[in-house]
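Subject: Structure for you to look at, with notes

Dear colleague,

I am passing on the structure we spoke about, and my notes on it follow below. Please read them with the model open beside you.

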Amino acid sequence: MTEITPVSMDLLLGAVDLLASVLLFGIGVLILVAMMLYIVDVTQTRHAVRRNYPVIGRFRYWFEHLGEFFRQYFFAQDREEMPFNRAQRSWAYRASKNITNTLPFGSTRDLTRPGTVLFVNDPYPDLSQKDAQCPPLVIGPDTSEPYSSEHFFHISAMSYGAISNVAVQALSRGAARAGCWLNTGEGGLAPYHLEGGCDLVFQIGTAKYGVRDEHGDLSKARLRELGENPNIRMFEIKLSQGAKPGFGGILPGVKVTAEIARIRGIPEGRTSISPRRHLEVANPAQLLDMVARVRDLTGKPVGFKTVVGSERVLDDWVEEILKRGPASAPDFITIDGCDGGSGAAPMPLLDAVGLPLRESLPMVVDRLEQSGLRERIRIIASGKQVNPSDVAWALCLGADFICSARAFMFALGCIQAMQCNRNTCPTGVTTHNPRLQQGLNPTDKAVRVAHLARNMEAEVAMIAHSCGVPHPRALNRTHARIVQPNGLSISLHKLYPMPVRAA
């Protein structure tokens, strides 16, 4: 046993004295800081809680911030959270990791809740082995370079700027592996979009980033140049998006890096807000003029993206197309519901403007069917379609293609931290902070993106086969039912009866 000498005892006592001194000094500093905060709090007049409860009241803001995360992991039930609950996110995570989708015991979904979609199973399903692949569907058959795809699930618009360069890299590589397209979003064409060699839809936003001249107008030379790019297969004119209809895109200044500023042609470090609409498009005639201009200059299919607010707008579009002839019609229309997402949007627009996809999608399909334009114009459904049942429902209502952004964000590792507009995304998806981006490996996440796309199509095909049809695009309104307020369901074809085509 080691003997304690007087010298070692002195050293021990000295260490204890030093520790006590440090602790006393630390306590003194804390008391001093607390006194300063107390004086600041009781003399300020902006925050009532801090004035009435100095120092302690400051913890309110910390707890409020932590509450977002505690609700997600400890308090919210599997089906409670918004905008996406734990069950929805879990499916996307499992699909992207290519692990089993089987669950034990029974569904945690409330099957009697109004609005719940139920699919009509066939009592005698086909015994033959089937896969998820649908017959190819052509967009813009009369253009110089029509686009054809057998895939029905694709990556919706996410701008470089709203999401990080490593996220775009992963999406581009993953889309190429899965054979689906990637929409560039309104932020212009970045080298990261081209890196994977996937099919691209170039979106023309109201600010015309990446395709405007020195005056901010649509550049003919730039359009021709983009039209010659073999990776760009279609062009989409963005009128509005679900999260903020009637309001331009928002890119907070903290996310406008030097590279993003160069690609978009905007000042570095300054918040960029796109115009509410295209300056040259104020009516259906001018919209069709813009569609024709882009199509003539690029030779590729051209459509537009919009949030539907009323039947009157649809009637105006159809009337103008019929007056000019079917050849003047857009090659596709992307319908975004008010339940769509965004990196940054004002809360009143997020919560209360525009129609949800459940109402607007059948409205558009029916109006085009009634006017005889349904075969001419392809319908792309967008807005909160992250699970197979969502996608199958949209196909039942008449969509030709479904695009999703947030499903693929989950594949990239998004945890719904609600930090998209702050450049502080903890998973590197929506931040340009190099330290946070290092958590997102593009090579690894590209595989997950491809897995999600393939598993989505496979599981929608599983629903279709259960309903007795050979492939997902064969689904129609007789194959799904919607639960009503009385707890009973009604067939989609009764809730949304198909119109009689005009003679």
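N423 is found in the loop between α14 (406–412) and α15 (434–437), where helices (H or I, at least four residues) and strands (E, at least two) are DSSP runs numbered from the N terminus. Its phi is near 60°, a positive value in a residue other than glycine, and N423 counts as buried because its relative accessibility is 13%; here buried means under 20% relative accessible area, exposed means over 50%, and partly exposed lies in between (1.4 Å probe, protein chains only).

Before going further, please keep in mind that this is a predicted model, in which local features need pLDDT of at least 70 and side-chain atom pairs count only at pLDDT 80 or more, while totals for chains, interfaces and linings use all residues. Residues are numbered from 1 along each chain as its sequence is written, and side-chain values use heavy atoms, with hydrogens and water left out.

A positive phi also occurs at K384, near 70° and again in a residue other than glycine. K384 is found in the loop between β12 (378–382) and α13 (388–397), and with 22% relative accessibility it counts as partly exposed.

Leaving aside neighbours within four places in sequence, I204 is in contact (heavy atoms within 4.5 Å) with residues including V211, L218, F235, H278 and V294.

S272 is placed in strand β9 (residues 272–273) and is buried, with a relative accessible area of 7%. Its side chain makes a polar contact with the side chain of Y209 at 2.2 Å; a polar contact is a pair of N or O atoms within 3.5 Å, where within protein one must be able to donate a hydrogen and the other to accept it, and residues adjacent in sequence count only if both atoms are side-chain atoms.

A search of the whole structure finds 17 salt bridges, each being a side-chain nitrogen of Lys or Arg within 4 Å of a carboxyl oxygen of Asp or Glu. In one of them D336 pairs with K305, the closest N and O atoms being 3.8 Å apart, and this pair links strand β11 (residues 332–336) with strand β10 (residues 302–306), the two residues lying 31 residues apart. D336 is buried, at 3% relative accessible area, and K305 also counts as buried, at 5%. D400 and R374 form another bridge, at 3.0 Å between the closest N and O atoms; D400 lies in the loop between α13 and β13 (401–404) and R374 in the loop between α12 (357–371) and β12, so the pair ties together parts that are 26 residues apart in sequence. Both D400 and R374 are buried.

By contrast, R312 is exposed, at 56% relative accessibility, and its side chain meets that of D316 in a salt bridge of 3.4 Å, N to O. Because R312 and D316 are four residues apart in helix α10 (residues 311–324), about one helical turn separates them.
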